[in-house]
Structure formats: C-alpha cells, structure tokens
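Biologist: I would like to go through the words used for this structure. Please give the rule behind each one.

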Amino acid sequence: MSAEQQGNGPDGLRKDAPPPGSGATEADPGPVTPSWIRELDMALTVHPQVLLTGNVRDQYLLPDDHAAGSSATLAPYSLGGVIESLCAARGYGALAFLDQVHERITLLRLSATVDQMPAVLREFAEQDEKWRRGRDGRGADGGDDEDEPEMLDRLRDAMVGVVHHPGPPIGLVVPYSGRLGSPQAPVAGEAARLFAAAEELGHTARPVQGASAVTPYNTVFWVVERQEELPREFAVGSRAVRVISVPQPPHDQRLAVARHVVGGLSRYQAATGGPALTGAETAAAAKALADSSHGMGSSEVMAIGRMALDRNLPVQRLDEAARLYRIGVLDNPWATAELRERIAAGEEFLNGKVIGQPYAVRRTLEIFMRSAAGLNGAQASSSPSRPRGTLFLSGPTGVGKTELAKGVAEMILGKDARPIRFDMSEFAEEHARDRLIGAPPGFVGHDAGGELTNAVRANPMSVLLFDEIDKANPRLFDLFLQILEDGRLTDGRGATVYFTECVLIFTSNLGVAASVEDELPKGGAGAGEADGAAGTTDGVAGAVADGAGSSGATGTAPRTGRRRLSRHDDPTIVRRSLREAFDIFFNDTIKRPELRNRFGDNFIPMDFMQEKWVPQILDKAIASVAGRVLEAHGAELTLADDAWEVLRVEANRRLDHGGRGVLTAVESALVNPLAGEVFRTPPRRGERLRVVAIEGDGDGEGYRLEVER
C-alpha cells in the first residue's frame, strides 16, 4: 500500500486529520472556526462542485483534537488538510488529488476499501504504485509509456468516474486550476473538453445515496488564487458551482497564531537559559505580533517566529521582526545608534543644507525623532504599518523644499543618498496611474511594472519625493491614501509592495498666490503701493470696507483691501495662509478630506526668503564656484569685499524668487563673466584669481569683472 493510501498524503495531509472545531476553553478562547470553513462544510451537501479562491496557499491554525494533552492544542493545516478533515467527518471514502508536478493523480483513502473505489481511481492507484517503484531507475516497471493518455484526459476521466460513483462519497481536488487553460483566450482541445464535461457534470450530479437523511455529493474541489486566472470556459456562474472566498486572516485569527508562535518561542527561550516571561508579557508580545502582521497570512506569522528563532531575537522584538519580514531587511536601520546620532545632530546639518528655514527644519526633525523612537503612528493602533515618515512641504518657489528633501535623504540614508523624485506635473493625465503601479493584465506594458512600485521593491528603505503634488491627476490620490494608511500597494501584476520603511515627501506651492486682507493707508493708496518694493502684489483686489468708498463717508472708519502674500508679511500670517490653502485644496478642490486627515500634523509651511539669510546663501554659492574652478583648473578663486557687496545687492534685488534668485544673481554677475575670462585666458595650475570689482550697466545685465591674477 502506498504512503498516500496509508495516510500521508500530499501537502502534509494526514488520514487522521481531525475535523476543525472551535477548540475554545474558558482559559483560552482560541480561534473561532473561520466562516469560510463553515461555508465549505455546508456546501458539501448542496453543491457538487466548489471553487475556492483567495488566500488558498496559506496555513490555517485549527484545534488538533488528536493531540496529547489539552483538547485546545492548535496545529497548522493546509487547505488540503482542511478539505480532508471535513470530508472525513462527512463520511467520504477517499480523496483524489491532481499532482501537476509529477503529472499524476494520487489517491488518499479515508474509509473506503479498494473494491469500493471507482474503476478509474483503482487504475490510477495501480499506475501510481508502478510509478513509485520505478521512479529511481525508470526501469521496466516505471518507464515512460508512449501510449499513456495526456494529463487533461486523465483528469477528465477521473472527474467522470468520481461524479458518477454510487458511494461512499469521493472528492476530487484540482489545485492550480487556473493553469489548465489560458484566461485571456478561448481554450481548445483537451482543455475545452474538460471544462465542457465539468459544466455538464455539475448540472447532472446527484447526492450519494446513503443511510442518513442528508448525504453529500461526490465533490469536485477547484482551487485558484484569483478567479480571473480561470479560463473563460469555466462555469463560474453556474448554480452547481459554489464559489467560496478564503480571506486573509482577521485580527482574532492572527492573534491565535501569534499566541501559538510566542508560546513556542518563550518556552524555547526559557529552556536555553533565557528569561522566563510572565503571562502578561507573553500576552503583550502576542498582541504586538498580531497588530504588526496586518495583511499577512498565518503562514507568514509562523515564518516570523522561525526567523526570530534563527536570528536569536527575543520574544519582545517580534513586532519589529514582523515589520522587517515584509521588506526582507534583517536589521532595522531605524533602531541603529548611528541614525539616532545623525537625527540628534540633524538641526545643524539640515540648516546647513537649507538656509533660512529654521522652523521647517525643527518640525521635520520632530517627525523623524518620532520614527526613530518607534512611535510613528502610535496613536492609530489599527494601522501599525504606515510609512516611517510623511512630510508635506508647502511654500514659495526657491525657498528650499527640494533641498530639504535631499537633506533628509542624506541624513537618513547616508552621504551621497538622493531621494527618488517624481515630478507630478508629468502625471496629470488620467492614465498616469498606470505609470506608477503598472498597467493591469492584458494591457501593453503589463509585465514592466510601475515606476513607483519597482523603485520601492528595489530599494525598500527610500526617500520618495513627489514634487508639485497638486498638479497630479486626482485619481492618483487614491494610491497615496492607501500608502499613507496601510503602508502598501498592489502593483499591476498583483504583487504587494510595502512602504513601511519609506519616507514620503510631498511638495507644493499651494497658497503662495493667495490674497490676504490688509488695512489701506488713509490717503487712499492701494495695497500695491504700500508694498511696491516686493514686486509681488496685485494691488487692491477687493472692495474697501463698508461705507469707506461712498460719497458721504467721513473717512474715520479704517479701509481694508486684499493683496498677495509677500516676503514682507509676518511668518505667522504666511503659515496660516498656506495651511488654509492646503485645507481648501483637499476639502473643496479635489474633495478628498480623508487624505488631508492622513497628512495630519505633517504639513510643514516654509517661509519666504528674508534678506538676513542672503549672506549665508551667497557665501555658500561663491564657495561652490571656487570649488569648481579649483577642480577644473587647479586655480584659487577669491572675492574682494566690494565685489561681494555688488553680489549681495543683486541678490537682494532678486529675492522675490527665493534662494534660487540668489543663485541666479551669482550666475549672472559672477559665473557668466568669469567663464568668459577663464575661456579667453585659462589660468595656470596654482594661480590665484582675485575678483576685485564687479561692474554692471545698471539694469543687472552685462556684468564685467576686474580680476587680479
């Protein structure tokens, strides 16, 4: 008798596998039998065929009533084990399994004798035994038979023999049913005959006759992960086919698995000289593991326990192990002392990278201190898998939004690291979503994947920069909602990509062109005259206060108008206006207040550039120019005070363009004329170039340098 016939079937099946029960006790409530298992048990008596889809490759932790000791002992079952236990409890005589690896059909007897089997299954059992005897040598007893029928023919014959069998009832399990034909084109030949026979047998099948009032059918079990993988000819809509979706385990089932894992690890830890855990500590560790394994299957939770055992991780760090298991990183970079030191020194570092934004730098560091302390998303216990950090930077052009993102990437990931940048103005079309996550099956480029999902899959710990997010197509915000809430995305190929170790930075200049209310001078001058030096005002955009413009006005009431934000405004007013524009955009413009709520307090306004920061930016830009001259020509470049002062005046004149205006001034007044000088008379290595004067034509164009060499 073969191993399967004696009770050791494929996929770890056991002949004595117990029927799943609740296994609950007063001390340990245990897991409630999943609803899909109860539905499957019911379907055996009312449907001749069952289609199982969804989480069908998982393991299911269920009570093992045959285990020694407590009746509430849990054991992992495959889907085949669940089917076996239910069929055994219903009095099935045998189960036949399609083995696509060895292209054969195996038989697992539950209660029937050999003479109670259909003739076709007895034949398959004999062929299986012959194959087993000769699989090592492929001799006369086990050699290939040229006349042996094709696999689909064998499956069709088995299905006909099983369905027409008078009793005892028999089940036929067909795993990987989607591999029997193409889901994108009509099937032909033997596959077409197979599905036509399956549909007809589903309508003509009758329950097995027996002594009891309610007897099951001879059941065909089809198993596939995604229903869309099935060929078009499969009769999904047939009343004879019961479609049962196997969901991902909810929290209570993951908690039961976590208790199982934590119990085993804590016993091993105590047996190998480690500290013994109290009941409260064990319960806390199990809950933390269940919380952090949101979206995982039971087999993955058990795999986390094996990884922790292999890496000698204590039970108290299982939640961290779950987070790292998702992305395949064995060490948590956020818990390293090196990163904590860089964040602790981050204020000086980031202020050196982004000049003139101390408020934004301070707010940014608060967020990353929270992540390094392990408290990111602590207020939302239901969503433990959010990204490590999220920033929404809003402010005028040229104030350092992109530079701050670059500084964050270098602080978190190390020197020379750069954020992965997506210019969202390129994603304004409706189909832009496919560029980020990949085209759905059947469309051009389906196999290529998406730009965003591919980037994160290749670099699980990344800084992602979404520049000018307000210019993106509104459909894309659904993706960001899922990332910010669950920390994951499913790409066009159906694979899950995790963002749990990523930092997401969004930039925008929303609200910079907003108008603010301002009091007008008594003489009637408009707001534009009051702030003409800024060069960024629109004048009076609104009416004056009630009565102020009427012929009978006394002039005693203050008059108000509206003007655009400028660098002369108080920073508090600027930040409030930017925040109002942020709220209006999400609440009214794209009507996604739930996304605004996901950003929470991570909205960081950036101030207009002020004149007091110009010398620092100017010195940094000049040092960069001098470094380039030294690198390219081996010469030393310096500036006299008078030349430096000319650059400062020109930079102040262009300050409405932020720090970028300062850099433009250096380019116009220093780099361009210096390039002409160096081109005409290249410096010798070791030569000193001193710019003693910078002269212009008065309108900021046509600068000339006086250089001492």
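Modeller: H21 and H23 are roughly parallel to each other. The model is predicted, with local features needing pLDDT of at least 70 and side-chain atom pairs counting only at pLDDT 80 or more, while totals for chains, interfaces and linings use all residues. Residues are numbered from 1 along each chain as its sequence is written, and side-chain values use heavy atoms, with hydrogens and water left out.

Biologist: Why are H21 and H23 called roughly parallel?

Modeller: Helix H21 (residues 614–633) and helix H23 (residues 658–680) pack at about 30°, and their axes are 10 Å apart. Axes are lines fitted to C-alpha atoms, for helices over the stretch in contact, and angles run from 0 to 180 degrees between N-to-C directions. Angles under 35 degrees count as roughly parallel, over 145 as roughly antiparallel, 65 to 115 as roughly perpendicular and the rest as oblique. The pair H21 and H23 is therefore roughly parallel.

Biologist: What makes up the contact of H21 with H23?

Modeller: Contact means heavy atoms within 4.5 Å. Residues making it include Val614, Ile617 and Leu618 of H21 and Gly659, Val662 and Leu663 of H23. By class, the contact has 14 nonpolar, 2 polar and no charged residues. Ala, Val, Leu, Ile, Met, Phe, Trp, Tyr, Cys and Pro count as nonpolar, Asp, Glu, Lys and Arg as charged, and the others, Gly among them, as polar.

Biologist: Why is H7 called oblique to H8?

Modeller: The axes of helix H7 (residues 251–271) and helix H8 (residues 279–292) cross at roughly 130° and come within 8 Å. That angle makes H7 oblique to H8. The contact of H7 with H8 has 8 nonpolar, 2 polar and 4 charged residues.

Biologist: What makes a space a cavity or a pocket?

Modeller: On a 1 Å grid over the protein atoms alone, a cavity is a set of points where a 1.4 Å probe fits but cannot get out, and a pocket is an open set with protein on both sides within 12 Å along at least five of seven lines. The search finds 3 cavities of 30 Å³ or more, and the largest cavity holds about 70 Å³. The largest pocket holds about 910 Å³; a volume is the space filled by probe spheres set on the points, which are joined across faces, edges and corners.

Biologist: Which residues lie nearest the centre of the largest pocket?

Modeller: They are Gly398, Glu403, Gly659, Arg660 and Leu663, from a lining of 29 residues. Lining residues have an atom within 4 Å of a point.

Key. Helices (H or I, at least four residues) and strands (E, at least two) are DSSP runs, numbered from the N terminus.
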